[in-house]
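Please read the following briefing alongside the sequence and the coordinates.

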Amino acid sequence: MTTEAQLKRTPLYESHRRLGARLVEFGGWEMPVQYDGILAEHNAVRTDCGMFDISHMGEVRVSGPQALAFLNHLLTNDLAKLGVGQGQYNLMCNERGGTVDDLYAYRIGEEEYLLIINASRIEADVPHINAVAAGLSFPAADLQIENCSDYTGAIAVQGPRSVAVMEALLPGVSAEVKRNRIAWKSLAGENVLVARTGYTGEDGFELVIPAETTAAVWDLLLKQGVKPCGLGARDTLRTEMCYPLYGHELDEETSAVEAGLAKFVALGKKAFVGKEHLQRQTLSGTSKTLVAFRMNGRSAPPRPHYPLWVGGQAVGEVTSGTQSPSLGVGIGMGYVPPACAASGESLEVEIRSKRFPAGIVTKPIFRKNG
Amino acid sequence: MNVPSDLKYTESHEWVKLGKNNETATIGLTDFAQEELTDIVYLDLPKVGDEIEAGTECAVVESVKAASDIYAPLSGKVTEVNQAVLDDPAIVNEDAFGKGWLFKIKLADPVELDELLSDSDYEEILSEKESQDEDEEEEK
């Protein structure tokens with residue numbers, strides 16, 4: 001197929017082939033969807049330790065004396081709260097309050113920040129970031145923006161045993177790099193960034209590595225018995241935690257307020273892109289809100305775009321849905337009018353022209369130990 | 001790849017076991033199909049009494065990742081559905097040619113049997129598929 005010829009490959013492509021991964025297209029990249037099977041990989045992350053190739057994700061460095069002022073204008077959270085070595089979740093909005101991307105911002109130096117953006121959004125984000133910067137007219141010496149995506153790899157190490165695994169490679173790392181923190185470390189003879197973050201709901205680390213060293217780090221982790229996991233398990237794990245996925249829960253027409261992410265929007269900040277809209281939605285409400293649901297009994301798994309019904313009316317659709325490996329039942333998220341969105345309310349999911357009962361639950365859908 | 005010689009097959013990876021005088025048939029998914037799907041979590045099967053038509057979608061199998069159609073290998077009336085696989089779809093992954101059977105039918109038109117593949121025909125399709133995959137890899 002012609003499209004396949006244009007797919008991008010990560011520095012771990014050969015490793016995936018050797019491990020017998022099933023490769024699929026994802027956001028323009030040829031990525032492993034599974035190695036052994038989604039259930040086995042999901043369970044490894046919940047009970048032991050798994051790792052994901054996340055090299056497809058984009059990295060943008062923002063530095064200079066105006067880096068903080070710029071990022072506080074570009075993003076929704078308050079980056080003034082970040083000390084060196086700290087990170088936070090952010091939304092990047094358009095002027096309409098819609099979401100250009102969701103991302104993690106780390107302060108990696110006094111005047112230096114690293115943004116980890118979605119693979120499928122690199123081509124939209126970089127021009128947006130540059131356009132916002134151009135509108136602020138800082139002197140060139142005061143603000144540098146560099147898209148490092150093409151020469152940067154990354155691996156997420158996730159699960160209860162991830163601390164022991166990382167301690168074996170970098171003694172002392174778990175005490176130094178606490179939740180939402182990031183630090184430079186030497187691994188496989190290279191400087192890598194080690195962050196205590198993830199997308200699974202488990203304790204874990206995300207390693208940002210120069211492309212040419214990524215496979216060597218992957219092999220070090222394999223030697224520690226870490227199970228390679230594909231995008232399939234990444235999706236079931238994040239859906240159980242109700243973490244949004246761009247293109248499903250978030251898009252250019254959907255705001256952070258509608259997606260239930262208001263706690264990552266610092267309305268107390270001075271002007272930032274999209275602020276007026278988010279402020280108005282916060283005060284006057286929205287026409288849709290994101291809910292999490294769980295099927296009441298046996299049914300086929302809910303899938304994206306299946307209609308959601310309340311009181312005999314189609315009121316919205318599923319944005320993410322799957323069989324929950326941890327709970328053994330269908331789960332999902334979707335947008336409904338705020339009037340139908342309270343936890344405990346019932347709704348129905350239409351699956352192949354039949355409707356199946358489900359209940360709205362508080363997020364996250366899955367909690368360990370209960 | 002396991003392809004029992006006493007069964008008939010379809011290109012869409014269903015198997016058929018014919019009963020006495022070719023009047024009835026048991027239908028399931030091949031080992032190849034279950035391995036491709038992995039982690040089967042739900043089955044939508046026809047009900048007893050339903051009429052199914054050869055070559056058309058008659059059931060749905062759901063893995064964690066996706067829903068896939070199952071095509072009727074033959075036309076006929078459904079006489080029995082495997083309740084065990086409805087209760088525990090993982091049985092199809094564990095024993096696709098045995099305990100993982102899906103449903104039984106009474107054949108409507110025995111002439112359709114000529115359209116089914118023998119075990120050697122089906123094996124050939126699987127090996128062609130395998131070499132195609134290898135060619136694709138080499139092109140890359």
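Predicted model: local features only at pLDDT ≥ 70, side-chain atom pairs only at ≥ 80, totals over all residues.

Residues are numbered from 1 along each chain as its sequence is written, and chains are lettered from A and ligands numbered from 1 in the order in which they are written.

**Helix α9 of chain A**
- Nine of the 11 residues of α9(A) are buried, and the helix is thus mostly covered; helices are DSSP runs of H or I with at least four residues, strands are E runs of at least two, and both are numbered from the N terminus.
- Just after α9(A), C242(A) adopts a positive phi of about 65°.

**Contact between chains A and B**
- On the chain A side 14 residues are in contact with 10 residues of chain B, contact meaning that C-beta atoms, placed from the backbone, lie within 7 Å.
- At least two residues of the chain A side that touches chain B come from each of β2 (29-34), α3 (38-47), α9 (231-241) and β16 (313-324).
- That side of chain A divides into six nonpolar, six polar and two charged residues, with Ala, Val, Leu, Ile, Met, Phe, Trp, Tyr, Cys and Pro counted as nonpolar, Asp, Glu, Lys and Arg as charged, and the others, Gly among them, as polar.

**Domains of chain A**
- The domain assignment, automatic or from a database, gives domain 1 (2-54 + 151-241) and domain 2 (287-370) in chain A.
- The C-alpha centres of these two domains of chain A lie 29 Å apart, and 10 residues of domain 1 are in contact with nine residues of domain 2.
- Of the domain 1 side that touches domain 2, the largest share, five residues, comes from α9(A).

**Nonpolar cores**
- The largest nonpolar core has 126 residues, and those with the most contacts inside it are L71(A), Y113(A), L115(A), I155(A), V157(A) and L207(A); such a core is a set of buried Ala, Val, Leu, Ile, Met, Phe, Trp, Tyr and Cys residues joined through C-beta atoms within 7 Å.
- Because domain 1 and domain 2 of chain A both give residues to this core, it lies between them.

Methods: Contact = placed C-beta atoms within 7 Å. Buried ≥ 20, exposed ≤ 12 C-beta atoms within 10 Å, placed from the backbone.
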